[in-house]
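Visitor: I have this model open and would like to go through it piece by piece. Start wherever you like.

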Amino acid sequence: MQEHNYWLTTAEMPTSGPARPLPNAVDVAVIGAGFSGLSAARTLAKRGAKVGVLEAETIGWGASSRNGGMVLTGMKLGVNQLISRYGRELTQRMYAGSLATIDCVEQIVQEEGIVCDFARTGHLEVACKQKHFDDYARQAEVIAREFNHQLRVVQRQELTAEIGSKIYYGGMVDEVSAGLNPARYVAGLGRAAIKAGAEIFEHTRVESLTRESRDGEAGWKIATSRGALWAEQVFVGTSGYTGRATPALQKKIIPIGSFIITTEVLPGKLAQELSPRNRMIYDSKNYLFYYRLTPDCRMLFGGRAAFFPENDQTVRRSAEILRRGMIDVYPQLSDAKVEYVWGGTLDFAFDIMPHAGQLDGMYYALGYAGHGVAMATYQGQKMAELMAGDKPENPFVGIPFPGAPLGLYNGKPWFLPFAGAWYKFLDLVS
Ligand SMILES: Cc1cc2nc3c(=O)[nH]c(=O)nc-3n(C[C@H](O)[C@H](O)[C@H](O)COP(=O)(O)OP(=O)(O)OC[C@H]3O[C@@H](n4cnc5c(N)ncnc54)[C@H](O)[C@@H]3O)c2cc1C
């Protein structure tokens with residue numbers, strides 16, 4: 001088994017070439033070359049802005065090349081919780097926004113001709129307990145009534161048409177969700193941003209940002225590992241890797257590890273039995289598993305096996321936990337060889353919502369909580385439109401963005417082991 005990201009074996013990333021000097025000044029500096037940053041850079045460059053994307057590692061190095069490639073409708077929080085927190089009108093706009101995120105990805109893939117296996121295969125949520133299943137019908141009813149969006153509840157006895165596993169109490173299907181190959185997609189977004197005129201500077205870590213005027217114009221002096229530059233505007237798209245350069249954002253985001261294994265290529269008949277409709281699948285636990293077939297028919301199986309972000313230890317430990325989880329779901333895979341394991345870092349806000357807007361004068365979008373493939377692409381585009389002077393519809397701008405209770409957090413998530421234990425406890429009792 002290789003400790004390596006399978007998706008990267010299928011994609012060719014664009015590179016910014018031999019380290020070229022940074023420009024003295026740009027109109028917009030984008031920090032981070034993932035879905036958020038590259039989507040923003042593409043939109044701004046198309047509008048004629050001089051855009052410099054500053055990436056500490058390489059294009060797509062962060063979560064954007066490491067994820068499950070599930071392009072999902074909805075948000076992490078359930079609809080009833082959203083309505084009681086934000087009211088009906090704002091929740092309706094948020095839900096419509098979540099559907100628009102999928103269209104946004106599809107449109108970019110088509111416009112830019114990105115070959116990334118984008119397909120509207122739909123997603124399937126499966127219930128680990130009877131009471132979770134009982135709640136599906138209630139959720140589907142609220143979503144149909146309030147958001148005019150149809151979900152299909154699948155009874156336990158009909159579940160074999162959706163999944164070759166016997167452990168679940170039923171499921172719920174949303175046909176609008178899609179799947180893609182995330183490494184090919186982020187590579188394509190990078191090429192599209194470059195084609196639009198954005199310049200990407202890899203191995204360029206932003207170290208600090210200082211408000212500074214230049215020729216009477218307000219802007220930012222940006223110190224990087226490869227020298228300084230000046231930018232009129234800054235967009236931060238660093239998600240789970242948000243660090244000391246933007247301390248105000250770092251304090252609002254909890255970095256949480258998520259891990260994935262993939263098996264060897266499976267015989268076609270077995271793959272068809274495991275997932276007859278090729279859905280993007282996840283279960284109803286807090287400490288959930290998510291899984292799907294890859295386009296070449298491997299089982300890709302992921303979960304928050306360790307709460308801490310990826311390192312040699314958490315990746316190795318997760319491989320075993322995930323293999324056991326996969327065999328619990330699919331005993332048919334007990335002899336399948338696991339060929340790859342890797343991890344990445346998710347970004348959770350304290351209220352488990354996506355957030356976008358301006359903080360201390362800089363623009364940002366983050367907090368995708370495992371729904372970032374579609375939402376990060378969409379927020380990058382919407383925030384770029386806002387920065388260019390438009391007034392795009394974006395219901396996630398301006399909602400309260402809480403920090404840690406009592407301010408007990410400086411960006412180092414000391415409480416993760418407790419949070420992990422708490423969620424495991426909740427899975428036992430709820
Ligand atoms: C294992 C895993 C599975 C997932 N599965 C799914 C899924 O199936 N569906 C889904 O919707 N979402 C999923 N997600 C979440 C999704 O991948 C992310 O929400 C999304 O990729 C975030 O994109 P981004 O561009 O905002 O951030 P990232 O892709 O993480 O990019 C941030 C970039 O910022 C750079 N950076 C950080 N600090 C600096 C600095 N100071 N200077 C310069 N550069 C900096 C980093 O190097 C990094 O490349 C998953 C995530 C993980 C880890």
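Guide: Ala 369 counts as buried, at 2% relative accessibility. Buried means under 20% relative accessible area, exposed over 50%, and partly exposed in between, with a 1.4 Å probe and protein chains only.

Visitor: Before we go on, what sort of model is it?

Guide: It is a predicted model, in which local features need pLDDT of at least 70 and side-chain atom pairs count only at pLDDT 80 or more, while totals for chains, interfaces and linings use all residues. Residues are numbered from 1 along each chain as its sequence is written, and side-chain values use heavy atoms, with hydrogens and water left out.

Visitor: Back to Ala 369, then. Where does it lie?

Guide: Ala 369 is in the loop between β19 (362-366) and α10. Helices (H or I, at least four residues) and strands (E, at least two) are DSSP runs, numbered from the N terminus. Ala 369 is not a glycine, but its phi is positive, about 50°.

Visitor: What about Asn 148, and is that one buried or exposed?

Guide: Asn 148 counts as exposed, at 65% relative accessibility. Its phi is near 55°, again positive in a residue other than glycine. Asn 148 sits in the loop between α5 and β6.

Visitor: And which loop holds His 149?

Guide: His 149 is found in the loop between α5 (130-147) and β6 (152-155). His 149 is buried, with a relative accessible area of 7%.

Visitor: What does the His 149 side chain make a polar contact with?

Guide: The side chain of Asp 174, at 2.9 Å. A polar contact is a pair of N or O atoms within 3.5 Å; within protein, one must be able to donate a hydrogen and the other to accept it, and residues adjacent in sequence count only if both atoms are side-chain atoms. Beyond four places in sequence, His 149 is also in contact with other residues, including Tyr 95, Leu 99 and Val 176. Contact means heavy atoms within 4.5 Å.

Visitor: Now the ligand. Which residues come nearest?

Guide: Ser 36, Glu 55, Ser 64, Met 70 and Ser 239, out of 37 residues around the ligand. A residue counts as near if one of its heavy atoms lies within 4 Å.

Visitor: Which elements supply the shell?

Guide: At least two residues each come from α1 (35-46), α2 (63-66), β13 (253-263), β17 (338-349) and α10 (372-387).

Visitor: Change of topic: how many disulfides are there?

Guide: A search of the whole structure finds 0. A disulfide is a pair of cysteine sulfur atoms within 2.5 Å.
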